[in-house]
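The stops below proceed from one selection to the next.

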Amino acid sequence: MKFDPFIIPFNIGLYFILIYVVTRSVIWFRDLSKPDKLRLQRGFFGIAFGLSLKEIFMESLIHRKILKTNFRLGYMHMSLAFGWFLLILFGTIEADIFSAKHLNAPYKAIFFRFFNPNHGRTSFESAYGFLMDLILAFILSGLFLAVAKRIYSKIVGMKKTTRLKIIDKIALTSLWLIFPSRLLAESFTCGAYGTGSFLTGSLGAWLATFLPAQQMAYPFWWLYSISLGTFFILLPITRYMHIPTELFLIFMRNSGIKTGDQAGTYSEVQTYSCSSCGICLDSCQLNFSAGITNIQSAYLMKAIRNNNDVSEIAHNCLMCGRCDQKCPVGIELSQIRMIQRRGDETENDFRNIYKGYFRSRQTNISEKTNGSSNYNFLQETDHGKADILYFAGCMSHLTPAIKNSMIKILDASEVKYNFIDEQGGVCCGRPLMLAGQDKEARELINFNSQMIWKSGAHTLVTSCPICYKVFKESYYLDVEVLHHTQFIKRLIDDGSVKMNFLHKKVVYHSPCDLGRGSGVYDEPKEVLGYVSRLERSNFEDGNSLCCGGSLANMKISSTDKKKIALDAANELTKNNPDILATACPLCKKTFSSVTATRVADISEIVAEALVGKSIKINNGSHINSIKALANI
Amino acid sequence: MSKHVVVIGGGVAGLEVAGQLSRAGIEVSLIEKESKTGGHLNNWHRLFPDRRNSIEVKEYLDGMTHNQRIILLTNTTIERFNRNKGHFSITTNEGRELTADAVIVATGFDLFKSARKEEYGYGIYDNVITSADLEEMFRTGKITLANGSVPDTIGIVHCVGSRDEKVGNFYCSKLCCVTAVKQAVELREYLPESKVFCFYMDMRMGGAFYEELYREAQEKWGVSFIRGKVSEASETIENKLLIKVEDTLAGRPLKMKLDMLVLMAGMEMSEGGEKIAGLGGLNTGENRFFAAADNHFGSNKSNIEGVFFAGTCTAPMNITETISHARAAVVEVIDYLKDGK
């Protein structure tokens, strides 16, 4: 037998998806910036290609990261992806070995059993049949978990599973039908011919005892073909687009392409690579503390793909970055969210054409009324020259214990420094950036940059992780930017400050913008370990919680913020520490109002432990100028 | 057989309730966590609006409770609270078991802990004090800065911990405005050379003779009222307090140097009250105060039959209102006990 009409749906689907993916890749490549095109070309002939193949195997097929976070969920993904891959691979080999001709059309492999019903009589053939049955059984076990997950998500160890749109449901059903229909089609055929291995053979033999196997097989071959065809045709407009897209993502990432500030090919590829696995839902504090269940990253990705209005979702987020850490695909979720926030004002507007199969990008340049500055009223101040600048930040001015402690530490260390925002400074710009107002933020950044540049300083110390992040990332300065915990660590290391050991039990809360946001995890803990009894918590480093006070969320109510703060504080104070230590004025403020445990910034604890002359705090600049004179 | 009622809290409400119940022939156990009764009244010097000495009110309440039908248990807290067939069994920290036919909760309020508004520097800067600290100074008659000198310019911040989303208190504590006016007048009386500034969001003078006092403060005593919330305070080299505030009527930001800053701490559900709510399963509202069964005709009733509320454990109230509310609670209790329960 060479041909049968039932293969037509499959063939249509297969050739459609192949043409679609090629077209889409060409469009994506065309939209890349010139440097990114070069990166991709270099990556293709370089080590990035090999790395990508390895990563595709480990992540797209084996799903190593999901397996690590959640074994059952990982197994589900692995059995479907890796199993299907093996089935195609070994199916193609089977068709190649056992057919008269080599290089067969794909349908010959997929429907091998239909065209070779007598296959499996020799021992080698039956051994191969056993392997094929084993792979099918592997897939079916994963499918069983997938169906169970839809009905009851806790089965795979998840609290929440993603909600689907209608078209996703149709695609899901066709995906679910593929393997059971293959099983039944093969079983009936095997039953009729007395062939097949442990799965198809036994099931077929049993079915043949009370059903006309020969007649029953044909409709199931049709169903198998139709399921495959439907799945392929719907794939581009459903979340299953992640299957081909993730391959591009991995390759682009390994080639060194970055997300950037604007929407583009890479952010779109990332958006389509989201499989809606739902791991981000369980990591989100808005979900598990405040019961807000419709704004998580998986939903944001979906809303972007569907061209829905995303501004509500994009702004209802603490930007704590917990989901970034957990995403098994490695999508830069927070950065994509930031692009959407910026997009409120200007930038790219994607238009859906051809019912979702293709999108065209339209760039709307929003008309800025006039080019004049919003911040003309800011007055320049001259602080004179200094090696080290201390910038407390607005939030530290609202938590004066922190800035006073820093002055105490700076004075004790006898370094030459200048407290540049002692009389109140200009905002670092990050709150505006988080609101998507980059242009306005840039004005503040330029203003502060000039002031810093004029001072001739080589080091800028700040007490606020929010300022720290923006100084590091968005200021183009020739100074070293340090958070005060890093600075204190240095003072300890070079012996500039002497401290007593405080016999106090301390637990450390890593602030989002300092830890996940800027990668500063160790110095704060090292400083605390040096002066106190630092205890571990269940939420350390990348897994640390958000205090709930984040500036980034402009949608959430204060009641919900409080719920998040309360949950986080309760978790951290489980073992009754004497002090809940943090390194951010905003975290300090947020936690202080929800816990009876003393909340203190690391600088306060260090100031408390300082040995030696106790200098009256609050007169930093005075003492400092005397010191500066003495040094001359 | 005479009935027995346990009253939790020996402040203004609790004392009034206990006195009125005993007059009606009911046995009362009055539980007070401190060593003496009177609650916040003990910390206040003079009362608005007529500035009578708080001792007079205390004397009245003590007179009410000098009664052999009242057993006073001071230094006592409640560890267990159970309801069983219409009776209540209460276990105190000293292991004493009390059985009651009804319970009146009069756990009052706590002053907002001003250190939580760290931007005002309470506990950090020496010359930032609270309204309660100032009353203490009035009582001793010595209004001085930390270094012993007399303050020249004094700022009063309204709404500290009230109407403030950031600390989770949406509600108005209702008494701080008039307390600020009263204290401003008193400051001017004690220190005729001083200048006093009040920083307010709204002046809520909704009580008998409040408005008159407000007018007197402006016309007679020259107190300046500036509409705007203080955003932060810091200390200058010469040990003065530098505050930032927006004058919302003039529409401009303002920086001002002061010698002393007085924070009008708001009222919050007391810690003791929260404990009782947990032990007894009593409903609390979004403002964390006890939730009355009905806002109009059941403000003394709780969600549990036989448990009643009196005074500021349900909402901020002044002393006049507290005493009225306490008497209303007594009516409810007598009514409840009469039904043969």
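Begin in chain B by selecting two helical segments: B:Val12, B:Leu15, B:Glu16, B:Ala18 and B:Gly19 of α1(B) make contact with B:Leu61, B:Met64 and B:Thr65 of α2(B). This is a predicted model. By class, the residues of this contact comprise five nonpolar, two polar and one charged. The crossing of α1(B) with α2(B) is left-handed.

Remain in chain B and select B:Ala329, which is located in helix α7, residues 319-338. Is B:Ala329 buried or exposed? It counts as buried, because 27 C-beta neighbours lie inside 10 Å; the threshold for that class is 20 or more. Setting aside neighbours within four places in sequence, display the contacts of B:Ala329: B:Val17, B:Ile104, B:Asn300, B:Phe308, B:Phe309 and B:Ala310. For one of these, B:Asn300, draw a C-alpha to C-alpha distance to B:Ala329: the two are 5.4 Å apart in space and 29 residues apart in sequence.

Next, display both chains and select the contact between them. Chain A contributes 14 residues and chain B contributes twelve residues. Colour the chain B side by class: six charged, three polar and three nonpolar residues touch chain A.

Turn now to chain A as a whole. Its C-alpha trace spans about 100 × 55 × 45 Å along the principal axes, and its secondary structure consists of 30 helices and ten strands. Of the 632 residues in chain A, 49% are buried. Among the contacts in chain A with a separation of 6 or more, 72% are between residues 24 or more positions apart.

Within chain A, select helix α9 (residues 166-193) and helix α11 (residues 213-234). The axes of α9(A) and α11(A) come within 7 Å and cross at roughly 150 degrees. Angles over 145 degrees count as roughly antiparallel, so α9(A) is roughly antiparallel to α11(A). The contact between α9(A) and α11(A) draws on 20 nonpolar, seven polar and one charged residue. The handedness of the crossing of α9(A) with α11(A) is left-handed.

The next selection is the largest nonpolar core. Which residues touch the most other members of this core? Among its 164 residues, they are A:Leu389, A:Tyr390, A:Ile409, A:Ala581 and A:Val606. Helix α11(A) supplies the largest share of this core, with ten residues. Nonpolar side chains tend to be buried together in soluble globular proteins.

Centre the view on A:Tyr390. Beyond residues up to four places away in sequence, A:Tyr390 touches A:Met406, A:Leu410, A:Tyr417, A:Asn418, A:Phe419, A:Ile420 and A:Val461. For the second core, which is separate and has 90 residues, select members including B:Ile8, B:Phe48, B:Val196 and B:Val223.

Conclude in chain A at helix α29, residues 602-609. How many of the eight residues of this helix are buried? Six are, and the helix is mostly covered. Highlight the buried residues of α29(A): A:Ile602, A:Ser603, A:Glu604, A:Ile605, A:Val606 and A:Ala607. Finally, show the elements of chain A against which the buried residues of α29(A) pack: the helices α21 (400-413), α25 (484-493) and α26 (522-531), together with the strands β9 (579-582) and β10 (598-601).

Conventions
Residues are numbered from 1 along each chain as its sequence is written. Chains are lettered from A and ligands numbered from 1 in the order in which they are written. This is a predicted model: local features need pLDDT of at least 70, side-chain atom pairs count only at pLDDT 80 or more; totals for chains, interfaces and linings use all residues. Two residues are in contact if their C-beta atoms, placed from the backbone, lie within 7 Å. Ala, Val, Leu, Ile, Met, Phe, Trp, Tyr, Cys and Pro count as nonpolar, Asp, Glu, Lys and Arg as charged, and the others, Gly among them, as polar. Helices (H or I, at least four residues) and strands (E, at least two) are DSSP runs, numbered from the N terminus. A residue is buried if 20 or more other C-beta atoms lie within 10 Å of its own, exposed if 12 or fewer, and partly exposed in between; C-beta atoms are placed from the backbone. Axes are lines fitted to C-alpha atoms, for helices over the stretch in contact, and angles run from 0 to 180 degrees between N-to-C directions. Angles under 35 degrees count as roughly parallel, over 145 as roughly antiparallel, 65 to 115 as roughly perpendicular and the rest as oblique. A crossing is left-handed if the near helix is turned anticlockwise from the far one by less than a right angle, and right-handed if clockwise. A nonpolar core is a set of buried Ala, Val, Leu, Ile, Met, Phe, Trp, Tyr and Cys residues joined through C-beta atoms within 7 Å.
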